[in-house]
Amino acid sequence: MNWLKPSWQAVLAIVLCLIAIALGAMSKPEAAALADPTASINYPYPGTKGLMLGLAIVAALVSMVRIPSLAEAVVLFVGAHLVALLLISGIAGFEGTALAPYFLLLTAAWLLGWRCVAVLSGLRPMANSTRNALRLIIPTIFGAWILILWEAVTRGAGIPFILLPPPSAIGARIAGSLPVLGADVR
């Protein structure tokens, strides 16, 4: 078993994905569509649910095989962020309908992102430029996950935007206000 190096984050991510698979529907409309297959109910993730779960499981499994640390970090980064992107883009228009598997998969993706940061933190590059790049990349990934979690939880749980707007709504508002902000600065 010299080829295997399990991490608790990857193992827990796999367990969470398996629980999400066992629970079934990721949203209330999907649960309604599964309950009545003859009805034509629009729901999130009709074609991407299996892709997201498979991607998270494969990324976790690949990260536990002895491969170069940089390759492991890339696999974890791509897997975690692609799952998060698909989760957030899929729930748009269905805010507040997420069920437990949605949040389990979000947690699994976050764990893979955490593992990515841990792997990157363990790298000891010789070149100054690479060390400096890592000093920027690691906190950037951490900060991005704060925004990803904020966006996914507010949309999935249906938190009213007036109470806690998601980062995308804040960014859109700022972008729409740039002329006013520019005039105020001048």
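**A loop residue and a helix packing**

Guide: In this predicted model, Phenylalanine 161 touches Arg155 and Pro166, residues up to four places away in sequence not being counted. Phenylalanine 161 lies in the loop between helix H6 (128–157) and helix H7 (167–176). With a relative accessible area of 37%, Phenylalanine 161 is partly exposed, because that value falls between the 20% limit for buried and the 50% limit for exposed residues.

The packing of the helices may be taken next. The axes of helix H1 (residues 8–23) and H3 come within 9 Å and cross at roughly 155°. H1 is therefore roughly antiparallel to H3, since angles over 145 degrees are classed in this way. The crossing of H1 and H3 is left-handed. On the side of H1, the contact is made by Ala10, Ile14, Cys17, Leu18, Ala20 and Ile21; H3 contributes Leu53, Ala56, Ile57, Ala60, Leu61 and Ser63. By class, this contact of H1 with H3 comprises 11 nonpolar residues, one polar residue and no charged residues.

Helix H3 (49–63) also receives the buried residues of H2, which pack against it. In helix H2 (residues 28–35), the buried residues are Pro29, Glu30 and Ala33. These residues lie on the same side of H2 because they cover an arc of only 100° around the axis. An α-helix has 3.6 residues a turn, so residues three or four places apart point the same way. The face of H2 turned away from its buried side carries Leu34 and Ala35, which are exposed.

Note on methods. Residues numbered from 1 in each chain as written. Predicted model: local features only at pLDDT ≥ 70, side-chain atom pairs only at ≥ 80, totals over all residues. Heavy atoms only, no water. Buried < 20%, exposed > 50% of the residue type's maximum accessible area, 1.4 Å probe, protein only. Helix = DSSP H or I, 4+ residues; strand = E, 2+ residues; numbered from the N terminus. Arc of directions from axis to C-beta. Contact = heavy atoms within 4.5 Å. Axes fitted to C-alpha atoms, helices over the stretch in contact; angles between N-to-C directions. Parallel < 35°, antiparallel > 145°, perpendicular 65-115°, else oblique. Left-handed = near helix turned anticlockwise from the far one by under 90°. Nonpolar A, V, L, I, M, F, W, Y, C, P; charged D, E, K, R; others polar.
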